[in-house]
Amino acid sequence: MAKKRIGLLTAGGDCPGLNAAIRGVAYASYNLFDAEFIGINDGFTGLIEGDYTRMDREDFSGILTLGGTILGTSRTPYRNMRVIEQDGKDKVAAMKKHYKEMKLDCLITLGGNGTHKTANLLAEEGLNVIGLPKTIDNDIFGTDVTFGFHSAVDIATDVVDRIHTTANSHGRIMVIEIMGNKAGWLTLYAGLGGGADVILLPEIPYDINKVIDTVENRATSSGKKRNFSILCVAEGAMTKEESLLKKKQRAQKRSEEAYHSVSYRIADEIQSKTGLETRVVIPGHYQRGGSPSPYDRVLATQFGAYAAQLIKDGNYGNAVAMKGNQVIHNPLSEVAGKTKFVPTDGDMVTTARSMGIGFGD
Ligand code: F6P
């Protein structure tokens, strides 16, 4: 079999498991066919700028457990890659030029929704592309799970556990803001896994009075032992009124309120209306840092090895995914540009409700 030259890039927000997936692609490829790798630096920025380096077998050694990405990453630098006027640069032409310059047989993109979108655009332009699904948000369409998600669930749940003991000691209301602007998967899992009393998700707009009812009930009707409450709030949580606004209008309204984030507003409303002592905790990027969990190491390795097989078969234009415990692939064109939201009447939400967790609706 002729040598295949493969380009690798990681794009969007980093997460644990990216290096494990890179290693998975590389090792399985070396074992399946005559493979050669080029690492593209800092996501699509590197592909546009022509910033890349040849990688050898030893570059993939010792990275299974390493957090972040050895290739560096960047947010997709342009909202629409096809818009030239934005900066006078034809980004699509630049990416195609560098793909050719590197003499690639295939480009592997590891990323989230934005990455899949650009990967699909490049596939439409005739490049051989395969996408691997990473994100702590778990919101990629067509896959049950993304790598990075369960590591973040472990971290966020640990935060909830630790906050639980201090909340209990002080009898306080603790508002924990969890990452996830569009989709609330991480908040839902950490909230359920950590035994939260209230979970607020972007998918289920809340009424602050309902949230207050829940915490007041716990503070007054359950005796001293349960007078504290834990709220897990997705960073993209919104009120019922806000949900009727367009994204821009919502952002405008929020900026006029001058709260650092939605959690601070919720905490302020609870404390001022109930007198209950309330604190905010924002673990932020801590949720994306450090080593991948064993689950994510395995998942990322499975995805990487599967991608190697797709390369061997010349099966391009696809996104690797997990469906019902089976690694599969979906055409990029079918998944790009779509988001997997938490189904508001799905099993997870139903289970949480049956535990007495309030969603503020
Ligand atoms: O997509 C992953 C994510 O961590 C989201 O949960 C969060 O809203 C966003 O990235 C934060 O982006 P940045 O790292 O650019 O601040």
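Buried means under 20% relative accessible area, exposed over 50%, and partly exposed in between, with a 1.4 Å probe and protein chains only; on that scale Asp 56, at a relative accessible area of 29%, is partly exposed. This is a predicted model, in which local features need pLDDT of at least 70 and side-chain atom pairs count only at pLDDT 80 or more, while totals for chains, interfaces and linings use all residues. Residues are numbered from 1 along each chain as its sequence is written, and side-chain values use heavy atoms, with hydrogens and water left out.

- A polar side-chain atom of Glu 235 lies 2.4 Å from an oxygen atom of the ligand, and a polar side-chain atom of Arg 288 lies 2.8 Å from a ligand oxygen atom.
- The protein covers 72% of the 400 Å² of accessible area that the ligand has on its own, as computed by the Shrake-Rupley method with a 1.4 Å probe.

**Salt bridges**

- The structure holds 20 salt bridges, a salt bridge being a side-chain nitrogen of Lys or Arg within 4 Å of a carboxyl oxygen of Asp or Glu.
- Arg 172 and Glu 277 form one of these through their side chains, at 3.2 Å from N to O.
- This pair links distant parts of the chain, 105 residues apart, with Arg 172 in the loop between H5 and strand E6 (173-178) and Glu 277 in the loop between H10 and strand E9 (278-281); helices (H or I, at least four residues) and strands (E, at least two) are DSSP runs, numbered from the N terminus.
- Arg 172 is buried at 15% relative accessibility, whereas Glu 277 is partly exposed at 35%.

**Positive phi angles**

- Most residues other than glycine have a negative phi.
- Asn 138, although not a glycine, has a positive phi of about 55 degrees; Asn 138 sits in the loop between strand E5 (129-133) and helix H5 (149-170) and is buried at 2% relative accessibility.
- Ala 258 also has a positive phi, near 60 degrees, and is found in the loop between helix H9 (247-257) and helix H10 (262-274), where Ala 258 is exposed with a relative accessible area of 65%.

Conventions:
Polar contact = N/O pair within 3.5 Å; in protein donor to acceptor, adjacent residues only side chain to side chain.
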